[in-house]
Amino acid sequence: QLTPSSFLRIGQLSNVDLNEDIHELETELPRQRPNEIPHNEKLLSLKYESLDYDNSENQLFLEEERRINHAAFRTVEIKRWVICAMIGILTGLVACFIDIVVENLAGLKYRVVKDNIDKFTTKGGLSFSLLLWATLNASVVMVGSVIVAFIEPVAAGSGIPQIKCYLNGVKIPHVVRLKTLVIKVCGVILSVVGGLAVGKEGPMIHSGAVIAAGISQGRSTSLKRDFKIFEYFRRDTEKRDFVSAGAAAGVSAAFGAPVGGVLFSLEEGASFWNQFLTWRIFFASMISTFTLNSVLSVYHGNAWDLSSPGLINFGRFDSEKMGYTIQEIPIFIFMGVVGGILGALFNALNYWLTMFRIRYIHRPCLQVVEAMLVAAVTATVGFVMIYCSRDCQPIQGSSVAYPLQLFCADGEYNSMATAFFNTPEKSVVNLFHDPPGSYNPMTLGMFTLMYFFLACWTYGLTVSAGVFIPSLLIGAAWGRLFGISLSYLTKGSIWADPGKYALMGAAAQLGGIVRMTLSLTVIMMEATGNVTYGFPIMLVLMTAKIVGDYFVEGLYDMHIQLQSVPFLHWEAPVTSHSLTAREVMSTPVTCLRRIERVGTVVDILSDTSSNHNGFPVVESNPDTTQVAGLRGLILRSQLIVLLKHKVFVERANLSLVQRRLKLKDFRDAYPRFPPIQSIHVSQDERECMIDLSEFMNPSPYTVPQEASLPRVFKLFRALGLRHLVVVDNRNEVVGMVTRKDLARYRLGKEGLEELSLAQT
């Protein structure tokens, strides 16, 4: 009998295989790639695996835990603190390296171009200067894009979406490798020096996470070096906690905001949290800020004055000059609304652009060409804007690093050049702190418009780059414009200081794009060194988030969704109570018996059509009428280690004189377990028997078939599970719930949607 629910099931299980049309193309036209990859945001990719955040409590694990006494636990705790300190120090040093190299290279580039422009302004022929500037930019960006596109594509972008997925429990390939760190650091230096509309703050978070993952393992698989320390931490649960500490250390090195780093890790990053973690993460963040501070102070020649806490320093905002009154609060809220709308526009444009990139610009050479094009266009736009601008300001009393005179009178400089002819960080600080009257409203309006589209086009290129600073810069420009127009309207009244509105505009724009509330408030407060603005910044960010969420989701969530990652949010979709575990689970399940033939295990693992990673273990005497009840769960990685060490005996009734495996053997294989194809099993060995009793997890989490989807979701999400076995009332295995089964359901415009699974 076909009930309505079974019709529903038939519709659900039709997997879309997008590879078929690609294969057809390949057979007709040999060695020619398809020009278009069909991509649809209503898909969930099957190429992402989950991480094992739930420890497998088999006999080996329990024996080891029982052997550890109280003193040994204390040394483990001390090791955790030592690792956190090392994470902080190394993240701070990487941030210093990036900062110093960028400062010197960018300074060199701007000096060369400035001398060139000054020379040609007098005798004509400025088009040559434009060519020089565009060529310099494009060539630097070409190097930065080639290393990302051809060596390590995971290093593209800011890395925040990838780290967010990793902490959620999705295994993104290569995301915390040493190679990724090297490419990330070099790539971000090159893209900032190449004059793209990017910041170096976002990638610091990814760099911190890679450093944390590497240190906590006490070895490098890329360098084939094992330092034999920290072996206790070689499992996903421990690694995850350190990675969230690394992300926090990255934020605090970037903004000089240790508290903001902890809150960022809590709000955007970590999906799992406990109280001991908070204190350790705060420690790592503080150490990271302090390291950066002391090294940069020594570098700038004043060793005892710790005055540069972060990569970006917004400078001091004095409360006396820049207080705010109660009647300004509605104005701030209005700015929040504008920021939310502009942020939603930015995200929507970037969404269509990214869809276009996934479909058509998927070859590395095309990606490099696009990055060079953007670099050349950015330089050209900047040059044309500076050339056409007639906004001249007196030089004395101003703190411009590279004043361009161009067609201004002697002793004056072109104020459009302070915005374009500078690294974005410096431009933000100038917009915050230049005295009133430094900028013409026309200059600011044109700059905002141009930079908005440039930044939108740049995010998602194949270069390492963050979106923090460009957003702040766009916001600071329109905020300052807003402040200037206010002081026109109020006939130059004292409270309309443009710098204050530049700060609010920056917060509104960044909040409208990335939709962070709590951590961003604290980061802005710590970066300005002023608590007075806490309330208005919070209001602005809340408004921007509410308004922006009405139109489209935040930039990072959008990119996670575009990559078809099975990401689990905090709660199940609101309307999903009607679904039960029976409708959600995957069937049929491949089960193993407790004492199993080696040949069967090898065949199951080698079967590419069902690439399962967890196998329920059932009772192994098939002749009796006894129910094949669930006895435990064993992972693919554990089975591979067993086969590799040849832990099996010839006949089932032999008293089991096996090679005793230690937990260390499993830890040494982590995290890159060999594929089953690399393990050779002879014909005789296939007939042997393998006993899974002491390696399987004897107490896996199970749910009955009738459990509702929100209940299953809560259990799965809160415990960080990878496999949840569904059993009937006789404790027989009927199905298995994995991450993809839960991530398939999403709230769309019309209510509950279901995504199809695809092999892309």
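**Salt bridges, sheets and cores**

Guide: Let's start with D557, which is partly exposed, with a relative accessible area of 25%. Keep in mind as we go that this is a predicted model.

Visitor: OK, which residue does D557 form a salt bridge with?

Guide: With K164; the closest N and O atoms are 3.0 Å apart. K164 sits in helix α6 (residues 160–168) and D557 in helix α21 (residues 555–562), so the pair ties together parts 393 residues apart in sequence.

Visitor: And is K164 buried or exposed?

Guide: K164 is buried, at 9% relative accessible area.

Visitor: How many salt bridges are there by this rule?

Guide: The count comes to 29. Another one is R667 with E64, where the closest N and O atoms are 3.1 Å apart. That pair also links distant parts of the chain, with R667 in helix α25 (residues 663–669) and E64 in helix α3 (residues 59–67), 603 residues apart.

Visitor: Why does R667 count as buried?

Guide: Because its relative accessibility is 10%, and buried means under 20%. E64 counts as buried too, at 15% relative accessibility.

Visitor: What about R744, which residue does its side chain meet in a salt bridge?

Guide: E754, at 3.1 Å from N to O. R744 is in the loop between α28 (739–743) and β16 (745–748), while E754 belongs to strand β17 (residues 751–754), ten residues apart. R744 counts as buried at 5% relative accessibility, whereas E754 counts as partly exposed at 32%. There is a network as well: salt bridges that share partners join E77, R80, R235, E238 and R280.

Visitor: Switching to strands now. In what order do the three strands of the open sheet come?

Guide: The order is β13-β14-β15, with mixed pairing. β13 (702–704) and β15 (733–737) stand at the edges with a single partner strand each, so one side of each has no neighbour in the sheet. On average, neighbouring strands here are turned by 30 degrees against each other, direction ignored.

Visitor: Which helix packs on the sheet?

Guide: Helix α27 (residues 709–719), which touches β13, β14 and β15; its direction makes about 145 degrees with that of β14.

Visitor: So how do the strands pair, parallel or antiparallel?

Guide: One of each. β13 and strand β14 (residues 724–727) run parallel, joined by three bridges, and P704 has V727 as its bridge partner in β14. β14 and β15 pair in the antiparallel sense over four bridges, with L724 opposite V737 in β15. Their hairpin has five residues between the strands, and N731 there takes a positive phi near 65 degrees.

Visitor: How many residues of strand β10 are buried?

Guide: Five of its five, in residues 614–618. Strand β11 (residues 630–635) pairs with β10 in the antiparallel sense over five bridges, and F615 stands opposite I634 in β11.

Visitor: Last topic: which residues touch the most other members of the largest nonpolar core?

Guide: F314, I386, F421, F432 and F468, in a core of 153 residues. Helix α4 (residues 70–123) gives the most to this core, with 15 residues.

Visitor: And what is F421 in contact with, leaving aside its neighbours within four places in sequence?

Guide: Y110, V113, K114, W133, I386, Y402 and L404. There is also a second, separate core of 30 residues, which includes V598, V647, L663 and I690.

Notes
Residues are numbered from 1 along each chain as its sequence is written. This is a predicted model: local features need pLDDT of at least 70, side-chain atom pairs count only at pLDDT 80 or more; totals for chains, interfaces and linings use all residues. Side-chain values use heavy atoms; hydrogens and water are left out. A nonpolar core is a set of buried Ala, Val, Leu, Ile, Met, Phe, Trp, Tyr and Cys residues joined through side-chain atoms within 4.5 Å. Buried means under 20% relative accessible area, exposed over 50%, partly exposed in between (1.4 Å probe, protein chains only). Helices (H or I, at least four residues) and strands (E, at least two) are DSSP runs, numbered from the N terminus. Contact means heavy atoms within 4.5 Å. Two strands pair if DSSP finds at least two bridges between them. Axes are lines fitted to C-alpha atoms, for helices over the stretch in contact, and angles run from 0 to 180 degrees between N-to-C directions. A salt bridge is a side-chain nitrogen of Lys or Arg within 4 Å of a carboxyl oxygen of Asp or Glu.
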